[in-house]
Amino acid sequence: MNVGELTVLEKVCRPTKGARHITLIDPAKQTPEVAAQRAMVAVECGSAMIFVGGSTDTPDKVVHATCSAIQEALELRMFAASQNPTSEEADWDIPVVLFPGGAHALSPAADAITFMMLMNSTKRAFLVGEQVRGAPYLEQFGVEALPTGYVVCAPGGRVGEVGAAELIQSTDVEKVHAYALCAKMFGFSLLYLEAGSGADAPVHPDLIAKAATVDGLTLLVGGGLRTAADVRQAVGAGAKWIVTGTITEDASSMDELRERLLRLVNACSN
Ligand code: 1GP
């Protein structure tokens with residue numbers, strides 16, 4: 001879909017006051033239709049990007065169907081908004097970005113991909129192996145790569161286990177600083193500090209604050225962020241993007257989802 005004049009990377013790295021919000025949708029957790037409905041609620045609430053990914057064993061077909069359904073819904077909304085230019089509608093020019101668990105969960109319907117090195121993994125597959133397998137497909141699909149250093153912090157959850165990560169503990173501020181410097185020296189534009197989906201505690205603000213002292217990186221933080229206070233703390237420490245997934249997945253209705261997301265999105269700028 002058309003994401004305007006800027007590349008997705010330029011949009012993502014554009015300096016902003018406060019932070020912006022990303023809704024993560026795991027294609028394994030609902031049908032593509034429900035994923036699209038959830039994504040539309042998220043955008044109405046002010047989410048500025050949709051990530052698609054999460055589970056490690058989702059077939060390409062399901063990832064593709066989910067990306068396509070979200071893109072179609074966004075295009076319909078964008079068309080409707082263009083028919084009524086005076087309305088105070090949401091911005092529907094929203095990137096749909098793959099957040100892959102490996103080279104399998106790719107789709108040409110995405111605008112971009114967080115092309116990640118799981119920097120504190122002890123397995124070659126997550127450092128460079130999956131990336132080497134996936135790169136030719138991304139080239140063929142024309143999906144924009146967002147060069148991302150991905151660092152898993154305690155408690156780490158499933159991604160910490162599957163990714164065989166040497167977890168960054170809450171007091172490891174010098175270590176996280178070294179990872180951030182390393183990410184910058186590799187030429188990555190994004191640094192994603194991850195506590196693991198559904199984590200019982202988010203990334204410690206001291207880690208975020210230390211990573212944020214390295215300029216030239218756009219800092220994403222996710223995992224276990226549930227309340228407005230969690231979000232404010234992460235943003236206050238220097239996060240530029242807040243990623244949430246579980247609060248979307250376990251909302252019992254679209255109304256509940258709206259209520260939750262509005263609280264978190266508002267906390268990104270307050
Ligand atoms: C997972 O950081 C994301 O990769 C989102 O985590 O599901 O805990 O919101 P939650």
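Me: Which residues of helix H8 are buried?
Reply: This is a predicted model. Helix H8 covers residues 228-237, and a residue counts as buried when its relative accessible area is under 20%. In H8 the buried residues are Ala228, Asp230, Val231, Ala234, Val235 and Ala237.

Me: What phi does the glycine just after H8 take?
Reply: The residue in question is glycine 238. Its phi is positive, at about 125 degrees.

Me: How many aromatic pairs are there in the whole structure, and why is the pair of tyrosine 137 and phenylalanine 141 tilted?
Reply: A search of the whole structure gives six aromatic pairs. In this one the ring centres are 6.4 Å apart and the planes meet at 45 degrees. Planes under 30 degrees apart count as stacked and over 60 as edge-to-face, so the rest are tilted. Because the planes of tyrosine 137 and phenylalanine 141 are at 45 degrees, the pair is tilted.

Me: Where do tyrosine 137 and phenylalanine 141 lie, and are they buried or partly exposed?
Reply: Both are in helix H4 (residues 124-141), four residues apart, about one turn of the helix. Tyrosine 137 has 43% relative accessibility, and phenylalanine 141 has a relative accessible area of 27%. Tyrosine 137 therefore counts as partly exposed, and phenylalanine 141 is also partly exposed.

Me: What is the geometry of the pair formed by tyrosine 150 and tyrosine 192?
Reply: The pair links distant parts of the chain, with tyrosine 150 in strand S5 (residues 144-152) and tyrosine 192 in strand S6 (residues 190-194), 42 residues apart. The centres are 5.0 Å apart and the planes are at 70 degrees. The pair is edge-to-face.

Me: Are tyrosine 150 and tyrosine 192 buried or exposed?
Reply: Tyrosine 150 has 5% relative accessibility, and tyrosine 192 has 1%. Both are also in one aromatic cluster with Phe51 and Phe99. Since the limit is under 20%, tyrosine 150 counts as buried, and tyrosine 192 counts as buried.

Me: How much of the ligand does the protein bury?
Reply: An oxygen atom of the ligand is 2.5 Å from an N or O atom in the side chain of glutamate 194, and one is 2.8 Å from a polar backbone atom of glycine 224. Taken alone, the ligand exposes 300 Å². Of that, the protein buries 96%.

Note on methods. Residues are numbered from 1 along each chain as its sequence is written. This is a predicted model: local features need pLDDT of at least 70, side-chain atom pairs count only at pLDDT 80 or more; totals for chains, interfaces and linings use all residues. Side-chain values use heavy atoms; hydrogens and water are left out. Buried means under 20% relative accessible area, exposed over 50%, partly exposed in between (1.4 Å probe, protein chains only). Helices (H or I, at least four residues) and strands (E, at least two) are DSSP runs, numbered from the N terminus. Rings of Phe, Tyr and Trp (its six-membered ring) pair if their centres lie within 6.5 Å; planes under 30 degrees apart count as stacked, over 60 as edge-to-face and the rest as tilted. A polar contact is a pair of N or O atoms within 3.5 Å; within protein, one must be able to donate a hydrogen and the other to accept it, and residues adjacent in sequence count only if both atoms are side-chain atoms. Accessible areas come from the Shrake-Rupley method with a 1.4 Å probe; for residues, only the protein chains shown count as cover.
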